[in-house]
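Notebook open, model loaded. I want to go through a few spots one by one and jot down what turns up.

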Amino acid sequence: MLASSVSSQSGAAIASLAFPAMGPVGVVAVRQWVAAVLLLAAGRPRLAAFTAAQWRPVLGLAVVFAAMNLALYSAIDRIGLGLAVTLEFLGPLTVALAGSRRRLHLGCAVVAAAAVVVLVRPEPSTDYVGIALALLAAVCWGCYILLNRTVGERLPGAQGSAAAALVSGALYLPIGLAALLHHRPTPGAVGCALAAGVLSSAVPFLSDLLALRRVPAHFFGVFMSVSPVAAALIGLVALGQHLPPVSWLAVLAIVAANTVAVGTESHPRGHRSRTVVKHDGPAGPGGR
């Protein structure tokens, strides 16, 4: 689980190194193509056998997958890795809290909301576009989780995720080719984008599958809370992106809120998840 989180955030950090040469759109396109190839090899979907009821959530997942990664990488380009991933993490937190009437969960929502206010507090240098993109990624991540559950119920194994990755990669063909022709990427930038695809797609996907065979799904969800902290630390060490102390406190508050919210959900004894409810990348999807 730790390898999955560190790999995802490291992939995002490496991807950001290619932004000057390729732009976020070009990097995301390459990442989606890598994810499509890897997930097709792992899932081997029988596309011709899919029914209309199976295709509908797969197509929805593909669109959300594509939008989520583009929004997140564009946000990282503008506001940094740690802040972008922390705001995106509000997506799964909202899913965990949705529909709950427990006072404890209401308290978690209040804490998370206060932390967001601290993170996005108005200043002359505040990048509201970057914040909006990160929040859009959060909405997409929440939708990704819900759609991934539906896909997991209607299709066996990783066939649904693989099919969604294929469609998402196809959506990026015209956009990505246009972006790459416009930016003319260097070999180093292409290498960074390819590495990001492997680190943010293949490694987390495999790690999550192995982890979910050994730990309860709710414990896996609690451990996902390390993602914002890992992103902030990797952003600091690898990219020199410093967060002020008050922002660190806000990040930890959101992590604590998610830990409590997920850790206090009702779960059947011995339950194991059949699907990886995670963004492939910062997901899980970029899963991420």
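**Aromatic pairs.** I started with the rings in this predicted model, and the structure has four aromatic pairs. I picked F89 and W141 to look at. Their ring centres sit 5.7 Å apart and the planes meet at 70°; anything over 60 counts as edge-to-face, so that is what this pair is. Next I checked where the two partners come from. F89 is in the loop between α4 (81-88) and α5 (90-97), while W141 belongs to helix α7 (residues 128-154), so the pair ties together parts that are 52 residues apart in sequence.

Are the two partners buried or exposed? I looked up both. F89 has 1% relative accessibility, so I put it down as buried. W141 also comes out at 1%, and it too counts as buried. The cut-off for buried is under 20%.

**Second largest pocket.** I went to this one next and noted a volume of about 390 Å³. Its lining is made up of 21 residues, and those nearest the centre are I79, L83, L119, L243 and P244. Which helix gives the most to the lining? I found that α4 does, with three residues. At least two residues each come from α3 (52-79), α4 and α11 (226-239). I also sorted the lining by class: nine residues are nonpolar, eight are polar and four are charged.

**Helix α2.** I compared the span of this helix with its length. It covers residues 19-43, 25 residues in total, yet the C-alpha atoms at its ends are only 30 Å apart. A straight helix at 1.5 Å a residue would reach 36 Å, and α2 falls short of that. I then looked for a bend and found one of about 65° at V25. While there, I checked what comes just after α2: R44 has a positive phi of about 45°.

**Q241.** Last stop. I placed Q241 in the loop between α11 and α12 (245-263). How does Q241 count by accessibility? I read 28% relative accessibility, so Q241 goes down as partly exposed. I also took its distance to L194, which is 47 residues away along the chain: the two C-alpha atoms are separated by 23 Å.

Key. Residues numbered from 1 in each chain as written. Predicted model: local features only at pLDDT ≥ 70, side-chain atom pairs only at ≥ 80, totals over all residues. Heavy atoms only, no water. Phe/Tyr/Trp six-rings, centres within 6.5 Å; stacked < 30°, edge-to-face > 60°. Helix = DSSP H or I, 4+ residues; strand = E, 2+ residues; numbered from the N terminus. Buried < 20%, exposed > 50% of the residue type's maximum accessible area, 1.4 Å probe, protein only. 1 Å grid on protein atoms, 1.4 Å probe; cavity = no way out; pocket = protein on both sides within 12 Å on 5 of 7 lines; lining within 4 Å. Points joined across faces, edges and corners; volume = space filled by probe spheres on them. Nonpolar A, V, L, I, M, F, W, Y, C, P; charged D, E, K, R; others polar. Expected span 1.5 Å × (residues − 1). Bend = angle between axes of the 7 residues up to and from the residue.
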